[in-house]
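Okay, thanks everyone, let's get going.

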Amino acid sequence: MSQTQPATQPPPSPTIRTIAMPADTNPAGDIFGGWLMSQMDLAAGSVAALTARGRSATIAVEGMKFHRPVKVGDEVSLYAELVHVGRTSMRIHVEAWRRERDRDSGEQVTEATFTFVALDEDGAARPIRQA
Ligand SMILES: CC(C)(COP(=O)(O)OP(=O)(O)OC[C@H]1O[C@@H](n2cnc3c(N)ncnc32)[C@H](O)[C@@H]1OP(=O)(O)O)[C@@H](O)C(=O)NCCC(=O)NCCS
């Protein structure tokens, strides 16, 4: 799923889908990049929780790219894919896509690879048990 150019078709089903609202804008009225990154982190966190079967935390984000802007009212879909499981860590590639509410097709707006670490109840790294 990782690429230097945005993809032309999204993956089959999103991990999270939401709507970009006026409260998510920067002072210029465009959707704030930090909001989009937090949605990506939530989508990756969902995959991490399922993979780690419990608590986990983001330790790194690599290759963050903003290909296109997001506008207020856009439907934003987050696609998260597990790409590697280490001893305690998981690498999860995430793409965000936007679709104008009244249009059939959308376009890719961001991508990044998130690394999460499985945590024990004291907040220390714990091994991931693989099925
Ligand atoms: C997560 C945390 C407990 C890990 O601490 P640690 O025990 O010192 O971590 P380690 O150095 O043993 O690394 C744990 C795993 O992360 C990987 N890792 C560490 N730093 C990394 C980095 N910069 N990029 C990618 N992977 C990294 C290690 O390779 C290791 O993976 P593996 O076990 O699969 O081989 C600690 O870093 C932490 O609490 N960080 C803050 C997390 C947080 O609050 N996130 C939210 C941010 S707002």
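**Starting from the core**

So, the biggest nonpolar core in here has 26 residues, and the ones with the most contacts inside it are Met-40, Ala-44, Leu-78, Ala-80, Ile-92 and Val-94. Before I go on, keep in mind that this is a predicted model.

Where does that core come from? Helix 1, at 33–52, strand 3, at 75–85, strand 4, at 89–99, and strand 5 each put in two or more residues. And which element gives the most to this core? That's helix 1, with seven residues. As background, nonpolar side chains in soluble globular proteins tend to be buried together.

Let me zoom in on Ile-92, one of the residues with the most contacts inside the core. If you skip anything up to four places away in sequence, Ile-92 touches Ala-44, Val-47 and Ala-48, then Ala-80, Glu-81, Leu-82 and Val-83, and finally Thr-113, Phe-114 and Phe-116. Across the whole protein, buried residues come to 29% of the 131 residues.

**Stepping back to the fold**

Okay, zooming out. The protein has one helix and five strands, and reading along the sequence you get β-α-β-β-β-β. Its radius of gyration is 15 Å, close to the 14 Å the globule rule gives for 131 residues, so the protein is as compact as a globular protein of that length. If you like boxes, the C-alpha atoms fill one of roughly 45 × 30 × 20 Å along the principal axes.

What about contacts along the chain? Taking the ones between residues at least 6 apart in sequence, 71% join residues at least 24 apart.

On annotation, UniProt has an unreviewed entry that places "domain: HotDog ACOT-type" at residues 10–122. Over that stretch, 10–122, the chain is 18% helix and 43% strand, with the end C-alpha atoms 38 Å apart.

**And the ligand**

How many residues surround the ligand? There are 13, and the closest are Ala-60, Gly-86, Arg-87, Thr-88 and Ser-89. By class, that shell has six nonpolar, six polar and one charged residues.

Which strands supply at least two residues of the shell? Strand 2, at 56–66, and strand 5, at 107–118, each do, and strand 2 has the largest share, four residues.

Definitions and conventions. Residues are numbered from 1 along each chain as its sequence is written. This is a predicted model: local features need pLDDT of at least 70, side-chain atom pairs count only at pLDDT 80 or more; totals for chains, interfaces and linings use all residues. A residue is near a molecule or strand if its C-beta atom, placed from the backbone, lies within 6 Å of it. Ala, Val, Leu, Ile, Met, Phe, Trp, Tyr, Cys and Pro count as nonpolar, Asp, Glu, Lys and Arg as charged, and the others, Gly among them, as polar. The radius of gyration is taken over C-alpha atoms; the globule rule is 2.2 Å times the number of residues to the power 0.38. A residue is buried if 20 or more other C-beta atoms lie within 10 Å of its own, exposed if 12 or fewer, and partly exposed in between; C-beta atoms are placed from the backbone. Two residues are in contact if their C-beta atoms, placed from the backbone, lie within 7 Å. A nonpolar core is a set of buried Ala, Val, Leu, Ile, Met, Phe, Trp, Tyr and Cys residues joined through C-beta atoms within 7 Å. UniProt positions are given in the numbering used here, feature names are shortened, and annotations may be inferred rather than shown by experiment.
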